[in-house]
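Please consult the sequence and the structure shown here alongside the text.

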Amino acid sequence: MNHDGMGNACGPRSQETAKLMADHITMKTNPFIWSACSRDYITSFLDSGMGSCLNNIPPKQEFVYPTTAPGQAYDADEQCRFQYGVRSRQCKYAEVCSELWCMSKSNRCITSSIPAAEGTICQTNTIEKGWCYKRVCVVYGTRPEGVDGGWGLWSPWEECSRTCGGGVSSSIRHCDSPRPTIGGKYCLGERKRFRSCNIDDCPAGSRDFREIQCSDFNSVPFRGKFYTWKPYRGGGVKPCSLNCLAEGYNFYTERSPAVVDGTPCRDDSLDVCVNGECKHVGCDRVLGSDVREDRCRICGGDGSRCMSVEGLFNDSLPEGGYEEVVRIPKGSVFIHIQELNISLNYLVLKSKGDQYFINGKLTIDTPRRFDVAGTTFHYRRPTDGPETLEALGPTNITLTVMVLVREENPGIHYRFNPPLNREPLTGFAWHYNSWSRCSALCAGGVQTQQVVCRKQADHSVVYNHFCDKKNKPKEKRRTCNTEPCSPSWWTGEWSECSRSCNGGLRTREVLCKRRISVTEEKVLDDSACITQRPSPTEPCSNHSCPPEWLALDWSECTPSCGPGYRHRVVLCKSGESGDNLPESKCPKHGRPTSRVRCNLQRCPPPQWVTGPWGECSARCGLGQEMRSVQCLTPSRQPSNECLEHQRPAGMQQCKSKCDLNLPISTDNPEECKDVNTVAYCPLVLRFKFCSRPYFRQMCCKTCQGH
């Protein structure tokens, strides 16, 4: 099968969103749905008889399937890393079961247009924790059963494939009532049905239907050149493929894998091609009919309209001339003439006069088909078998079978069925049916009188081709019940209910009308209608409103970068009245989720964050001052990913003005404490600053004993 647009075209539908077997891939390509072109191609392939191999019963095999879903073994982030590298992770969480979106190296959300693996964790407005199952987010751990498909209604019959000569019309139905879902079974049975239409013969002189189809390719170049195409009727080709012969050249080719529905499969056969397959047609020209011709070639007859003639011509004949074998009367059917053994003699066919059709005037024709006397004669002269002449008939003139004698006559067997009454078939005539019922009770209707073909013997209705089409009278029509109708109430369509529950109202238009004719009606005053006026309103949706969940708007994503959450308030409401109810009153499993994951943008890297500088360690002269230095994320969380060489200094030199009136430090235990719990006292101890008066006073408790 070709991809769409590459030999697998289906007209305007090829513009649909790209799907499986599309000619190119887009962000919207869904890999689990066939395109319309592909569906048509596969369906036609199977309908043409190529799907019979699917009817066998498959061998029983036990398959051991893994119990763990792939999405459980590898979460969405891991699936992204498989596709886009070790730094990739999931984004666009809401779409994970239909399309897995991942962060690219350039910090953009991208997708390969494939869903996440089955079993991948997901979340929706109504499912707090779910997993992907059959491309849908369902409650975690559940595997919903599929819905089996059901057939929809048959479509109206399509236009007939031919205007005459036995066409085919089709009707189709789809497996959409309901459609199968989540692994449900597809419908079984007939998807497309066919029936015969326009079975009457085409007018005399009409072109052969295959010839018309071949000639359509005259304007189409074949290998860079134009040819005049005629049907190829030789052997070795499928009966329902369109094989055409290039006129004036010695080659033929298949121009189409299937002829138009209603094309005869073979000459001298009523069977027709449907969807590329040869289908049986009864002699009544109805598809699938079991009605057969009798020995007289009368459809559904009892064989009483003809007789059987059979004999053997074995006279000894002089060599070198023509000798008469048998005369075949006009109207004969099932003609079979055969030599008993291989010989150098030749069978000859001519009219009652001197018109030769086969092997006349001492000229030997090549074995082939001959259209003679209103039928087709098949002349065969195999190298390893006796010579034969065969035709189905009926013939429209009397024929004479001769033999051109070249050697001793081996004997000639003949068999045919001439009619008892050699005049054209009679006993059928056109008749008018009775007038049909009037199409309307008032304001002008129509009656028709159809013409049917009836059998004179019992007046039974038969197919039209039994009667002479040239003499068929036209169908009669007349008007009836032309008086105006009585005034009556007319009602319009009901409007939608004003409320969906707790009692609403719907309305409609009510008018008093009177139909005057088929195309005219008048609106009258309501008093003109004598019956009670239909109500223009009626109550609806009287059932109580069930408690239902109401979800308010989502909050902003927090934090503003990196993985976060949106929150919303979920309330239990009493229908449209808006009364708040306890959450226990609403359905337990239908509660919308109040939190979903989100990711507005990728966070900037962690940075060094410094605090304010502390006091100078010296009350007089040079000292040290310190500050806190931390590596923090944008959400103020500690991190160890900052670059060490960029770390700001945590300590620097400082200078204080000297004050001679500084209080004298004391080691009095009652007053000994770390002033304001200075953060750098442990550092004072570590760097042995306790010997200095200022530090000893500020960090008295820490410096005790040192």
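Glu521 forms a salt bridge with Lys513, with 3.3 Å between the closest N and O atoms; a salt bridge is a side-chain nitrogen of Lys or Arg within 4 Å of a carboxyl oxygen of Asp or Glu. Salt bridges with shared partners join Lys513, Arg515 and Glu521 into one network. The model is predicted, so local features need pLDDT of at least 70 and side-chain atom pairs count only at pLDDT 80 or more, while totals for chains, interfaces and linings use all residues. Residues are numbered from 1 along each chain as its sequence is written, and side-chain values use heavy atoms, with hydrogens and water left out.

**Salt bridges**

- Side chains of opposite charge can pair when their charged atoms come close.
- The whole structure contains 14 salt bridges.
- Lys513 is buried at a relative accessible area of 14%, whereas Glu521 is partly exposed at 37%; buried means under 20% relative accessible area, exposed over 50%, and partly exposed in between (1.4 Å probe, protein chains only).
- Glu78 and Arg81 form a salt bridge of 2.7 Å, N to O.
- Both Glu78 and Arg81 belong to helix H3 (residues 76-84), where they are 3 residues apart, about one turn of the helix; helices (H or I, at least four residues) and strands (E, at least two) are DSSP runs, numbered from the N terminus.
- Glu78 is partly exposed at 24%, and Arg81 is partly exposed at 30%.
- Lys279 and Glu277 also meet in a salt bridge (3.5 Å, N to O).

**Nonpolar surface patch**

- Met1, Trp34, Tyr41, Phe45, Leu46, Met50 and Leu54 form a nonpolar surface patch with about 680 Å² of accessible area together.
- Such a patch is made of residues with over 30% relative accessible area and no salt bridge, with nonpolar side chains (Val, Leu, Ile, Met, Phe, Trp, Tyr) joined within 5 Å; areas come from the Shrake-Rupley method with a 1.4 Å probe.
- Helix H1 (residues 36-50) gives the most to this patch, with 4 residues.
- Leu46 lies in helix H1 and is partly exposed at 36%.

- The largest cavity has a volume of about 60 Å³, and its lining includes Ser617, Gln624, Met626 and Phe695.
- Strand E42 (621-626) and helix H5 (681-686) are the elements that give two or more residues to this lining.

Terms used. Patch = residues over 30% accessible without salt bridge, like charges linked within 9 Å, V, L, I, M, F, W, Y side chains within 5 Å. 1 Å grid on protein atoms, 1.4 Å probe; cavity = no way out; pocket = protein on both sides within 12 Å on 5 of 7 lines; lining within 4 Å. Points joined across faces, edges and corners; volume = space filled by probe spheres on them.
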